[in-house]
Amino acid sequence: MKKFGTAVILSGGLSRRMGYDKKQLRIGGENIIDRIVKQLSDDFDDIIIAGSKPEDLPDISAVRGVYPDAVELSASLVGIYTGLLHSRSEYLYVTACDMPVYNHDYVVYMKCLIEDNPGVGGCVTRFEDWIEPFNSFYQVDLAPKVATFLETGRKSIYQCFEVENLYYIDEKTGREFSPDWDMFCNLNTPSELKNHINKRRDLI
């Protein structure tokens, strides 16, 4: 198994605040998942989608597979777990279908940190006293521990991984790559989508 190679796009969730399924978001006339797949393809040769059924995304041809959540529990942690189960590399890169900003340099930086810290369980970024669970890497060996955690009915990503040997990047370092923190931006509401498009019109 290669160390890096698989990336998962989480596509679950009810999208209540957006008002419609975020998998159908369009930016610059392009479906957001198509856009994310193209971004990921520069660094990953194996891309999967978790949290959906194949029939929900019939036009996504550049991915290896679309997988429904492995556990019937509404939580982002379930999407991560589903991705870990289907990963073909030792470390899985995780993003979400409402995260339109991809930072290639930061992904390369995280890979280097993992290479320089053998056996680390993943690489995530801190934000104040919390963590950013996406735009992160997780080791597939974590899957059984995540399963055990989910079996208790708990679903906090932070609590699940706080006892694991993850490499934590501090916020100051993260902002050297993304001063405005856009690489962790989630589009949850119509106004956030509109603001993102207006702010980054030069990239659309």
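Q: What does "buried" mean for a residue here?
A: A residue is called buried when its relative accessible area is under 20%. This model is a predicted one, by the way.

Q: What makes Tyr93 and Tyr102 an aromatic pair that is edge-to-face?
A: A search of the whole structure turns up 14 aromatic pairs. In the pair of Tyr93 and Tyr102, the centres are 6.2 Å apart and the planes make an angle of 90°. Ring centres have to lie within 6.5 Å to pair, and planes over 60 degrees apart count as edge-to-face, so Tyr93 and Tyr102 pass on both counts. Both of these residues are buried, too.

Q: How do you know whether Tyr106 is buried or exposed?
A: Its relative accessibility is 0%, and the cut-off for buried is under 20%, so Tyr106 counts as buried.

Q: What makes Phe177 "partly exposed"?
A: The relative accessible area of Phe177 is 27%. Buried needs under 20% and exposed needs over 50%, so Phe177, at 27%, falls in between.

Q: Which residues form one aromatic cluster?
A: Phe4, Phe44, Tyr91, Tyr93, Tyr102 and Phe137 do. Phe44 also has Lys111 over its face, at 4.8 Å from the ring centre.

Q: How do you know that Arg126 lies over the face of Tyr168?
A: Arg126 is 4.1 Å from the ring centre of Tyr168. The distance part of the rule asks for within 6 Å, so 4.1 Å meets it.

Q: What makes strands S7 and S8 a pair?
A: Strand S7 (residues 122–127) and strand S8 (residues 130–139) share five bridges in the antiparallel sense. Pairing takes at least two bridges, so five will do. Arg126 stands opposite Ile131 in S8. The hairpin of S7 and S8 has two residues between the strands, and Glu128 takes a positive phi near 55° there.

Q: In which sense do S7 and S9 pair, parallel or antiparallel?
A: S7 and strand S9 (residues 166–169) pair in the parallel sense, over four bridges. Cys123 stands opposite Tyr167 in S9.

How values were computed: Residues numbered from 1 in each chain as written. Predicted model: local features only at pLDDT ≥ 70, side-chain atom pairs only at ≥ 80, totals over all residues. Heavy atoms only, no water. Phe/Tyr/Trp six-rings, centres within 6.5 Å; stacked < 30°, edge-to-face > 60°. Buried < 20%, exposed > 50% of the residue type's maximum accessible area, 1.4 Å probe, protein only. Lys NZ or Arg CZ within 6 Å of the ring centre and 35° of its normal.
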